[in-house]
Amino acid sequence: MPVRARGMTIEGADGRRYLDCLSGAGALALGHNHPVVLEAIRRVLDSGVPLQAFDLATPVQDAFVTELFRSLPAGLAGHARVQFCGPGETDAVEAAFRLVRAATGRTGVLTFSAAHHGVTAEAAALPGETNDVQVAQLSYPRDHRRPVGVGDPQGSELASPLIEFALEDPEPGGPRPAGVILEPVQGENGVIPAPDAWMRRMREITTARSIPLIVDEVQTGVGRTGAFWAVQHSGVTPDVMVLSRAIGGSLPLAVLVYRDDLDAGQSGAPAGTFRGNQLAMAAGTATLTYVRENQLAARAATLGARMLDQLRALRPEFPCVGDVRGRGLMIGIEFMECAEAEGGEDLAVRTDDAAHDGLGPAAPAPSADPPHLPAPRIAAAVQRESLRRGLIVELGGPHASVVRLLPPLTISDEQATAVLDRLADAVQTVARAHAGGPTGPRRSHEAGSGPRHQKDRTKRAVRRGS
């Protein structure tokens, strides 16, 4: 139970201090209660301006829009419009759907397997919910689970013709979709970065067919992935950007940025009552400015790459660490059962995972690779052991088998070292608890191979990244 927080540190009611590697699911780009954010909020409170201005333009809103447009991809900033939505990411996603439907006169929207675009958008994707909402799913490129049977980059190349076919003829005689929405990094699905070449191919495919490309930057934006916006890694300019979480500087705010020629003048279209939140705009302006002026995106790229390299040192030590991946300070560690795992439960998990991806029954894994069976129990145990060591992490991915790290962009080198040490210690403890089974540590007959010596070796390996 947190009672105080500053930066990356949370003080609990138990008197202990914890390192927060969740950061409000990425909403706290500068960590808890950053001085520039608090000062921006105080200025608004002391100024006497209305805290809720609805659709009226204000100096606070103008400052936010100016700073936001300064950071946008160059191809979009010059001819873009902004729409303030309700305070959550779901509001912005649904506003994007309404926008492209009105602009194109079409209704269908294509998304990708296991995507997370907000609560009610997911509900709308369920078949039979309504007659006017049509959402279909395509396969998202994944190197670890390989939906088309091979990894990247070949897997991404093989998936592209399938996507082209779906866009050409989503159903016999059916119209093209109103838009395609994708995440540059799937966060809730276990931190899966889309290959840059695949992103560029999606832009080519949608442009050739006059289909608006919607990019969901709710979790990836404001420097999180090592660029101010994740689309900038690939050089892609989307038609619509969905923004939330970090842009509000820890307060609820959601914004749609879109190409001006998509504006169909939807007079009276619902957008949300709390779209004029002045405190969130002020906090967001302070956050955007601080990230830009202090080059925190570049810092996230450098430190994130270092942390990924060091965490990958866990893989040869512990067979239960199936994959370590991410981009910038958006990192995921997927835990899996080993190839030797037996029993109907594991097979059921694998089959269910394939169905979850919309791919039908799971195909047999190539003989050269172990089957990638999610291990949610191991991931949950690592999360619990991390908390006992004063480290807060999140779970996601297939069956919640991925431990996710979303530290604030202000994380120091010392804090990063502490995160890696505590996490490695937690993995070591959980693996030792499974000793003798397929998820235990690899055995060594060297002198000094007991639990304490092994734990020390693990920490040293993580720090070296080898």
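In strand β3, Y18 is the bridge partner of I10. That bridge belongs to the pairing of strand β2 (residues 9–12) with strand β3 (residues 17–20), which is antiparallel and runs over 3 bridges. Strands here are DSSP runs of E with at least two residues, helices are runs of H or I with at least four, and both are numbered from the N terminus. Two strands count as paired if DSSP finds at least two bridges between them.

A quick word on the model: it is predicted, so local features need pLDDT of at least 70 and side-chain atom pairs count only at pLDDT 80 or more, while totals for chains, interfaces and linings use all residues. Residues are numbered from 1 along each chain as its sequence is written, and side-chain values use heavy atoms, with hydrogens and water left out.

Back to the sheet: it is open, has 4 strands in the order β1-β2-β3-β16, and its pairing is mixed. At the edges sit β1 (2–6) and β16 (391–392), each pairing on one side only.

Now for the helices around α14 (residues 413–433). Two packed helices are described by the angle between their axes and the distance between the axes. Axes are lines fitted to C-alpha atoms, for helices over the stretch in contact, and angles run from 0 to 180 degrees between N-to-C directions.

| Helix pair | Axes come within | Crossing angle |
|---|---|---|
| α10 (residues 296–311) and α14 | 11 Å | roughly 25 degrees |
| α13 (residues 376–388) and α14 | 8 Å | roughly 130 degrees |

So α10 and α14 are roughly parallel, and α13 and α14 are oblique. (Under 35 degrees counts as roughly parallel, over 145 as roughly antiparallel, 65 to 115 as roughly perpendicular and the rest as oblique.)

Where α10 meets α14, the α10 residues include L303 and M307, and the α14 residues include A416 and L420; contact means heavy atoms within 4.5 Å. By class, the residues of this contact divide into 7 nonpolar, 1 polar and 3 charged. Ala, Val, Leu, Ile, Met, Phe, Trp, Tyr, Cys and Pro count as nonpolar, Asp, Glu, Lys and Arg as charged, and the others, Gly among them, as polar.

As for α13 and α14, they are oblique, and I378, A381, V382, E385 and S386 of α13 touch L423, A426, V427, T429 and V430 of α14. This contact has 7 nonpolar, 2 polar and 1 charged residues.

Zooming out, the protein has 15 helices and 18 strands. Of its 466 residues, 52% are buried, meaning under 20% relative accessible area with a 1.4 Å probe, protein chains only.

Conventions. Buried means under 20% relative accessible area, exposed over 50%, partly exposed in between (1.4 Å probe, protein chains only).
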